[in-house]
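Please look over the sequence and the model first.

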Amino acid sequence: CSKWSTDTVSNLQNLTNFILGLYIGLVLTRWWKTRELYQVVFGRTNDIAVLCAAYLQPTAEVSAQEVAEIRTRINRYTNLAHGMVLSQASRAGSYEITRDPGLDVNLLKDLGILSEEEWTTLEATRPRYLVAYMWAAALFRECADRGILCR
């Protein structure tokens, strides 16, 4: 009887180790995929900043200070979107219509990335990060219309 109990316990331990190994493998695979996707978002945000510096140039009609302010706004909008993507990903899969527990609005305001007026607009929209990207795209369109965007 003691031999049977030892074999049963050993088999259960082996099964538990096997299942735990599969679970850890799944968790690591998901973590790695999330890490890769974060690198893509981070890389695109940096690419936009570099493109702003390279292609938004002052003209005879538009001063260097105004172009610098436009660059700053575009970079602020892309950083805002980036922060909102990260806050959405950091939540435990919950998607609530009325509140966004992962988004620290006060922190974004304190950092100067989000203004009160922008929050008023974003508060009622989903997904919020797309609105910030659309604001940046609209600024690029404005730059193209005004001749600030070099080709």
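The sections below go from the whole chain to its helices, charged pairs, aromatic pairs and cysteines.

## Overall make-up

The model is predicted. Its chain has five helices and zero strands, so in order from the N terminus the elements read α-α-α-α-α. The chain has 151 residues, and 22% of them are buried.

The accessible surface of the chain is about 10,400 Å². Carbon and sulfur atoms account for 61% of that surface. Of the contacts between residues at least 6 apart in sequence, 67% join residues at least 24 apart.

## Helix α5

Helix α5 covers residues 128-146. It has 19 residues and spans 28 Å from its first C-alpha to its last. That is close to the 27 Å expected at 1.5 Å a residue. Just after α5 comes G147, with a positive phi of about 80°.

Which residues of α5 are buried? They are R128, V131, A132, A136, L139, C143 and A144. An α-helix has 3.6 residues a turn, so residues three or four places apart point the same way. In the list for α5, R128 and V131 are both buried, and A132 and A136 are buried as well.

## Salt bridges

Side chains of opposite charge can pair when their charged atoms come close. The model has five salt bridges. One of them is formed by R76 and E118, whose closest N and O atoms are 2.8 Å apart. R76 belongs to helix α2 (residues 64-90) and E118 to helix α4 (residues 116-123), so this pair ties together parts that lie 42 residues apart in sequence. Both R76 and E118 are buried.

D145 is exposed, at 56% relative accessible area. E142 and R146 also form a salt bridge, with an N to O distance of 3.3 Å. Because they too are four residues apart in α5, about one helical turn lies between E142 and R146. Both are partly exposed: E142 has a relative accessible area of 34%, and R146 has 32%. Salt bridges with shared partners join E66, E142 and R146 into one network.

## Aromatic pairs

How many aromatic pairs does the whole structure have? A search finds four. Among them is the pair of W31 and W32, which is tilted, with 5.6 Å from centre to centre and 55° between the planes. W31 is partly exposed at 48% relative accessibility, and W32 is partly exposed at 42%.

Y77 and W135 form another pair, with ring centres 5.3 Å apart and planes at 55°, so this pair is tilted. Y77 lies in helix α2 and W135 in helix α5, and the pair links distant parts of the chain, 58 residues apart. Y77 is buried, with a relative accessible area of 7%.

## Around H82

H82 is a residue of helix α2. Is H82 buried or exposed? H82 is buried, because its relative accessible area of 8% falls under the 20% cut-off.

Which residues does H82 contact, leaving aside its neighbours within four places in sequence? They are Y38, V41, F42, T45 and Y133.

## Cysteines

A disulfide is a covalent bond between the sulfur atoms of two cysteines. The model has zero disulfides. For C143, the nearest cysteine sulfur is that of C52, 7.7 Å away. The cut-off for a disulfide is 2.5 Å, so C143 is in no disulfide.

C143, one of the buried residues of α5, has a relative accessibility of 1%. C150 is partly exposed, at 32% relative accessibility.

Definitions and conventions:
Residues are numbered from 1 along each chain as its sequence is written. This is a predicted model: local features need pLDDT of at least 70, side-chain atom pairs count only at pLDDT 80 or more; totals for chains, interfaces and linings use all residues. Side-chain values use heavy atoms; hydrogens and water are left out. Helices (H or I, at least four residues) and strands (E, at least two) are DSSP runs, numbered from the N terminus. Buried means under 20% relative accessible area, exposed over 50%, partly exposed in between (1.4 Å probe, protein chains only). Contact means heavy atoms within 4.5 Å. Accessible areas come from the Shrake-Rupley method with a 1.4 Å probe; for residues, only the protein chains shown count as cover. A salt bridge is a side-chain nitrogen of Lys or Arg within 4 Å of a carboxyl oxygen of Asp or Glu. The expected span of a helix is 1.5 Å times one less than its number of residues. Rings of Phe, Tyr and Trp (its six-membered ring) pair if their centres lie within 6.5 Å; planes under 30 degrees apart count as stacked, over 60 as edge-to-face and the rest as tilted.
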